[in-house]
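Subject: Structure handover

Hi,

Here is the structure we talked about. Please load it first, then read the notes below.

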Amino acid sequence: MKYTQGKYIIAEKSAIAREIYSFTISCPEVAQVAQPGQFVHIRANGFTLRRPISICGIDPVKGTLRIVFEIRGEGTAEIARLNKGDLIDMLAPLGHGFTLMDTDKKVALIGGGIGTPPMLPLAQHYGSKAVAITGFRNSSAAILQEDFRKTGAEVVLCTDDGSAGIHGFVTEPLSELAAKGELGAVFACGPMPMLKGVAAICKENGIYCEISLEERMACGIGACLGCACRTVRNDEEYFAHVCKDGPVFKAEEVLW
Amino acid sequence: MADMSVKVCGVDFKNPIIPASGVFGYGREYEELFPLSKLGGIATKGTTLHKRTGNLAPRIAETPAGMLNSVGLQNPGIDHFIETELPYLLTKDLVVLANIAGSTPEECAQVAEKLDATDVHMIELNISCPNVKQGGAAFGTSCDMAAEVTRQVRKVTNKPLVVKLSPNVTSITDIAKAVEAAGADAVSLINTLLGMRIDINTGRPILRNNVGGMSGPAVFPIAVRMVWQVANAVQIPVIGMGGVSSGRDAIELMMAGASAVQVGAAIFTDPCAPVRIAEEMNDWLDAKGISSVRDIIGTVKPW
């Protein structure tokens, strides 16, 4: 099985910041095969299009997935109304995730705002080799810091207003680490300007970089060709699709 | 268990449900979720003579009870379809309607000519794509152009030819009559309605193409009306589509005059919608004691 569609029980629900919710979903067959960087496509009652939400936790033993999402509009608000014990309709797991590589060097996991959740399964994989550098508007928007710490990763928090951690963007601590030659790879998810900045730093320092993109999406499985992303593969320009070829791409392949 | 089979232009369908062109690719992605053999047929992604890259993103926007798309006929070209996708689909025990498009009537004919040499069951000629600058809807909005492109394709193929009509016209019955006279074996309708959404915070249209084709439950009553009008205006079969999301919708469209029903945007909401819809139709027929789905085609009793 690559992916499946079904209704699954929400085992836990919590609000972890303003308008940001965490669901733990009991879905053993999905949890068995899900990979870091993949996403789930959730039906919002009353809406035509499903909502793609990245996977924030995979527990194949307990048979659960965790998602953390922000209310961005009416569809995500509808999903946020679901409660513990309710059924959630998911098409999952979808997409091409992050590469899990063997490296003796450190690995930087860069998360910007609500782009932070998909970095957590990578922190679980890389453990103490990982440096999780995450950035938020302010201290009250900062999420998952304790979760990252529990994985053994080094945790660096940045806020735009300096109300917690480093006052500034994630690109500053990343630049410093990159210049020291300590990084074997960089993985990132967040707003486009952040991803561009991260990709530029990696290119400059010759560091392998993967980024997770988002795009307005319909089918979620590569059939409708709605979520196009301009990429270059084998020197040829190509409209890849975020749902199937991504959401994770090699940064060097993306035409910004 | 009612008899769900229908016949359109002499082609037997085990049930009247067909995923519409564009939502379903060439079927591979959905086979992960259900066997394609449960479908009556498949209308494949609109395919052109040469590979097309399509429009820039965003290509998708949500609307109340529906959506807009402006994919712009991204496809790998007809040779790839014939070499790679068609042989796969022909093993799946369902009717394959190859949806084709082109910038000129000659290009459409060239694509159809290549398909004529294959075992594809039917050709669905798209004269109504709202998302490409040349061809597409331009053919579908004039009786003369619609007839001309139909004639040119008719000349090169004996395959059953279904012409897919645009609803973005003053009189869809006039277009339907024009393509019937030009040799179409059936018509399918409705393609998407041209729509637009604007992000009021940025002042920018949500779609990079500014405008796109609207589909989903919101367009269903328009589809029912147009299918009914066209079915009463032509002698050839009508394949109905537009916002169908339940077995009841499909029954309604068949009562309006459709011989088969395509399902589009509903698949995005429920990827198994085509299978569910066929089952719901069967349940309704059984509950009503109707032995064959064919018995409901065109049975609306207008006031």
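Arg154(B) counts as partly exposed, because 19 C-beta neighbours lie inside 10 Å of it. A residue needs 20 or more to count as buried. Keep in mind that this is a predicted model. Arg154(B) sits in helix α5 of chain B, which covers residues 143-156. Set aside the neighbours within four places in sequence, and Arg154(B) is in contact with Leu161(B), Ala182(B) and Gly183(B). There is also a pairing across the sequence: Ala112(B) is 42 residues away along the chain, yet the C-alpha to C-alpha distance to Arg154(B) is 8.6 Å.

Next, another helix of chain B. Helix α7 of chain B runs over residues 220-233 and has 14 residues. From first C-alpha to last, α7(B) reaches 20 Å, close to the 20 Å expected at 1.5 Å a residue. Which residues of α7(B) are buried? They are Phe220(B), Ala223(B), Val224(B), Met226(B), Val227(B), Trp228(B), Val230(B) and Ala231(B). These buried residues pack against two helices of chain B, α6 (172-181) and α8 (247-255). They also pack against the strands β10 (186-189), β15 (238-240) and β16 (258-263) of chain B.

Now the contact between the chains. Chain B puts in 28 residues and chain A puts in 25 residues. On the side of chain B that touches chain A, the elements giving two or more residues are α1 (28-31), β5 (60-63), β6 (66-69) and α9 (266-269) of chain B. By class, that side of chain B has 15 nonpolar, nine polar and four charged residues.

Last, the domains of chain A. The assignment gives domain 1 (4-94) and domain 2 (107-205). Their C-alpha centres lie 23 Å apart. How many residues of each domain are in contact with the other? The count is 13 residues of domain 1 of chain A and ten residues of domain 2 of chain A. On the domain 1 side, β1 (4-17), β4 (51-59) and β5 (64-70) of chain A each supply at least two residues. The largest share of that side, five residues, comes from β4(A). By class, the domain 1 side divides into eight nonpolar, three polar and two charged residues.

Best regards

Technical notes: Residues are numbered from 1 along each chain as its sequence is written. Chains are lettered from A and ligands numbered from 1 in the order in which they are written. This is a predicted model: local features need pLDDT of at least 70, side-chain atom pairs count only at pLDDT 80 or more; totals for chains, interfaces and linings use all residues. Helices (H or I, at least four residues) and strands (E, at least two) are DSSP runs, numbered from the N terminus. A residue is buried if 20 or more other C-beta atoms lie within 10 Å of its own, exposed if 12 or fewer, and partly exposed in between; C-beta atoms are placed from the backbone. Two residues are in contact if their C-beta atoms, placed from the backbone, lie within 7 Å. Ala, Val, Leu, Ile, Met, Phe, Trp, Tyr, Cys and Pro count as nonpolar, Asp, Glu, Lys and Arg as charged, and the others, Gly among them, as polar. Domain bounds come from an automatic or database domain assignment. The expected span of a helix is 1.5 Å times one less than its number of residues.
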